[in-house]
Amino acid sequence: MTTTTLSNSRAQRNWFIITSLVTKDFKLKYRRSVLGVFWSVLNPLLMMIVLATVFSYLFERFELENFPLYLILGQTLYSFMSEATQGSMVSIIQSAPLVKKIRIEKMLFPVSKVLFSLLNFTISLIAVTAVMLFFKVVPTFNLLFLPLLLAYVFVFSLGLGLLLSTLSVFFRDVVHIWSVVTMAWMYATPIIYPVELLRPWMMDAMQFNPMYHYVTYFREIVLWGTTPGLAENLLCLMFALVTFAVGMLVFRRNEKRFILYV
Amino acid sequence: MSKAVNTFALGHDERPETDDHREIMVKVDGVSMVFNMASEQLNSLKEYAIKLARRELFFTGFKALDNISFEVKKGDVFGIVGTNGSGKSTLLKIIAGVLEPSEGSCEIRGNIAPLIELGAGFDEELTARENIYLNGALLGYSKKFIDENFDDIVAFAEIEVFLDMPLKNYSSGMVARIAFAVATVIVPDILIVDEVLSVGDFMFQKKCEERINELIETHGVTVLIVSHSNEQIERLCNKVIWIERGNARKMGAATEICETYRALGGRVGTAESEARVIAAINDKADIPDDAYTMVAGDDFCNTAARAGALIWKDTKFDTVAIACGTTHINTILANGIAGAYNAPVFPTKINRISDSLSDLLAVHRPKRILFFDCGSHATSALDRLRKLEWKPEIVDFSNNGKVFDLAKEVFAYGKERGLWKRSAVVVDFADNAESMAAAPYVYREKCPVFSSSEAIPLDPHELLEILVSAGIEKVTIFGNSVPEEVERQCREHGIEVARQASKPLFQSCIDICEWLLTARTGGKGDLCVASMSIGLWPDALACGAWAAHRNGALLLQDPTDLDSVAACLDFVSRHKKDIGRLVFFGGDQNLGNLDRKLLYKALM
C-alpha cells in the first residue's frame, strides 16, 4: 500500500481508463458467442454477399468491376462512422452511475466508444483483404494512406460523437432521430450504388457530404490504386477538424451540467 | 397537519482553536446548491419547446444546500448527519468534485478516495477479476498498482474462490465487499464515506470499520462520513456538522452534536418547542441508575405480562382479562370489567399465549378468564386457554367484529352481576391514543365502555336506552370523533356528560392525563409514559391497570414532534407534586434513552 499511486500523470491515468473501457466493451461484445471475434470479419463479408447478390442480379445495370469489393469498402468504413457515433452518443447516458459518483474526465466515454469502433473496423479489414485476394486486386503503395484516412474518419466521428453525446443528455429525442439519420445518410452516400448513377446536381451536392469523400478516398487507395491529391486530403482534414472543433466546444461547454440530467 | 422542520442555525460552538495548526484539508466556503426543477424532467424537444414558450424554463429552483461553510483539518474524522433529503450526499458530491456548487467554493488539498456509492462502474457481465481492474482504473489507479495490490484486494473481499465468475452471480453483499476492498486499498489523503458501512453482514461491516480506523490511526487520513447510524458517527468522528434541509444547524464536537441530533433531528415542531427541548438537553443533571422504572418485554405481550407480574407480586388475582392484541378496543373494553374484578389485563397475539403469560397464569391459577376478541381473530389463543389444566371458567366475548355489539355484550354481563357504578365511558374506535389515555380512568372507575366507529356507527337512541335502563348518571366521552349527537342526547335525558378532548392529538392526550391526575387523591402516583406512534401503541395496553393500581395516569408522547415533547416536559414539571415515579413501557424501541432522561430531568 502506497500513497504514490495517484501520482502518475493524468494522461497515463486517462489512457488506462480508456483501454479498460475498450477492453470491457470488447469482452462483452464477444462473450458467450462461439465464433467470438471472428464475427467482426464474418459480418461485413456476409453483408457484402447479400448486397452484392441483390444488386447485381436484380438490377443488372450495375456493371462495375469488382462490385463486391466496391461494396465492402464503402460499407465497412460507413459502419465505422455510424457505430462510433451511435456508441458515443449514448455513452454519457449509459455511464450515468459513473458520471454521478466519480470524478472522472467525461470525454473518456465517447472517446473509448470511437476507439472501440476503430478496433472493430481494423478487424474487419481482414475481410477486406480476403475479398481483395479473391478478386486478385493487387495492393499498391497507395495503401500507405490508410492510416491517414483512419485518422480523418476517427477525428470526424469523434467530433460528431461528442456533439451527439452532449445533445442526447439534454434531449433523448436525439437518440431516436440519429438512427434514422444514419440510415438516410447511408443511402445518400454512394455505398451500395455506383457514383455514376447520380445526376449532375446530385454530384454537386455530394461535395458537401464528408462521408462521400472518405468512402471515395478509401476506394481510391484500395480498389483503384490511385493517389489522393493534396486538395482531397485537405478537404478531408477540414471536414474532420471542423466537426471535431464544434463537437469539442459543445461538449466542453456543457459537461459540467451532465450530472444534473443523466 | 403538515408541520415544518426547523432549519435555522443553532449557533456553532466553535472552541477557540488557536493552538490548532493542523493543515486545512477541506475548506467548504459558502456553498449553495440550487437544482433547477423545471428543466430537470424535460427529456424531449417538445416539452422543452412548450416550457420555453410558457417561459417556465430555468425558473423553479430547489435549494439543496444553503450557504454551508466549514473546514476539515488534517486527521479530522468529520461526520455529516441529517435526515433523508437534507443534502448530505449533495455536499459530499461537491467535496468529491463530482458536482459543481451553484455558489461558493470548495477547496481540497490532496487526493480523494470517494466511497460515494460503492461499485459505481461495475459491470454485471464481467468477472470479479475484470471488474477489479475496471473499477481500479475508474478510481484512478495505475495498472501496476492494481497488479501489486490485487492479492490484498481479493483477500480483503474474501472472494478467492469466485474470482472468475461473472459479477451477476454474486450476492449484493459480495459486490459491496469487492467495491470496498478496491476503494480502500490505497491510502488517500481524504477518504469520503457515504453510507457504505450499512451494506454487507455485520462481520464485514466490522471489517470495514476496522479498515477505516486503520486509515485514520496509522496513516492519519482525513475522513468525511455520512451515516444514518448516529452511534457509528459518534464512535468514529471527532467533529460533526448537522444539516437539515440544506441548512447547517449546528457544528461541533461529535458527542454533543450527536446528542442534539438524536433528540431533534428531523423532528417537527415550533422553534419555541425546540428551544424548550434544547434547554432540557443542556441541563446537565445527574441521573441515577434507578431514576425511573422501565417495564419492557421483548414484545407487547411480554411487556404486559411483566407489568402484571410486578403489580400482583404479593397478592393473587382470581380473575384475569385477556384481550386480543390486534386492536386496542378489546383492551379498552376489558379495562372496565377488569377494574371491577381487580383483575390484570393482558393483550395476546392471535395464535398463541406467550410463555410469560402462561407462567403467570400457572402461578396465580385464576378461576375466571374474561376473553375479549372483537372479530374472533384469536381462536387459537382461546383454544390454548380452554386447555388449561385447572379448568378456569372462560367468559368468551368474541363476536363478528361489530364493536358496539361487543360493548353491549360486555355491559350486559357486568350489569347482570352488578359490577357497574353510575358512570360510563364513550370512545370512538378511531381515537386510539385518547382511548389509551382514558384506560386508567376506565379501570379505576369500573366504567362500562361504549365505542362508536366510522364503519358501524352506534345508534345514539339505542345507547341512551341502555344507559338509562342501567341507571347511568354520568358519561365521559374521550376524543373528538364521538358524534356530537351522543353528547346532546345524553344531556336531553338528564345524564351528566363531559367530553375530554382537545387538539392537536398530543395535547388531547396530555389533557386527559392531566384531568386524571388532578381528579385523583392520595398523594403521589406513578406516571406511566409511552409513545403514541403508530405501531408502538400495543406497548401501552398494559398501562390502564398499572396506572389505576399505582394511583397514576398514562402520558402519551409523540417523540417525533417537538411540540409534543416540549408539552410533555412542561406537563411533568407542572405536576411534580402528583408524580412519584416515571414508569416507561416498551423499552428502547418505544421511548429512547434520551426522551426518558429529559422527562426525568423535568421531574427533578
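Two strands pair if DSSP finds at least two bridges between them. Helices (H or I, at least four residues) and strands (E, at least two) are themselves DSSP runs, numbered from the N terminus. The model is a predicted one, in which local features need pLDDT of at least 70 and side-chain atom pairs count only at pLDDT 80 or more, while totals for chains, interfaces and linings use all residues. Residues are numbered from 1 along each chain as its sequence is written, and chains are lettered from A and ligands numbered from 1 in the order in which they are written.

Chain B contains 23 helices and 21 strands. Its C-alpha atoms fill a box of roughly 90 × 60 × 55 Å along the principal axes. Of the 604 residues of chain B, 48% count as buried; a residue is buried if 20 or more other C-beta atoms lie within 10 Å of its own, exposed if 12 or fewer, and partly exposed in between, with C-beta atoms placed from the backbone. Contacts require that the C-beta atoms of two residues, placed from the backbone, lie within 7 Å. Among contacts in chain B between residues at least 6 apart in sequence, 76% join residues at least 24 apart.

One open sheet of chain B has four strands in the order β16-β15-β17-β18, with parallel pairing. Strands β16 (449-452) and β18 (496-500) of chain B stand at its edges, each with a single partner strand, so one side of each is left without a neighbour in the sheet. Neighbouring strands of this sheet are turned by 20° against each other on average, direction ignored; axes are lines fitted to C-alpha atoms, for helices over the stretch in contact, and angles run from 0 to 180 degrees between N-to-C directions. Strand β15 (residues 423-428) of chain B is joined to β16(B) by four bridges, and B:V427 has B:S451 of β16(B) as its bridge partner.

Helix α16 of chain B spans residues 432-445. Its 14 residues reach 20 Å from the first C-alpha to the last, close to the 20 Å expected at 1.5 Å a residue, where the expected span is 1.5 Å times one less than the number of residues. A kink of about 40° lies at B:A438, shortly before the proline B:P440; the bend at a residue is the angle between axes fitted to the seven residues ending there and the seven starting there. In α16(B), 14 of 14 residues are buried. After α16(B) comes B:K446, with a positive phi near 55°.

Helix α18 (residues 484-492) of chain B holds B:Q489. Because B:Q489 has 18 C-beta neighbours inside 10 Å, B:Q489 counts as partly exposed. B:Q489 touches B:P460 and B:L464, residues up to four places away in sequence not being counted.

A second open sheet in chain B has the order β10-β21-β19-β20, again with parallel pairing. Strand β19 (residues 525-531) of chain B and β20(B) are joined by five bridges, and B:A530 stands opposite B:L556 in β20(B). Helix α23 (residues 593-603) of chain B packs on the sheet, touching β19, β20 and β21 (579-585) of chain B, and its direction makes about 175° with that of β21(B).

Between the chains, 27 residues of chain A are in contact with 33 residues of chain B. On the side of chain A that touches chain B, the largest share, eight residues, comes from α1(A).
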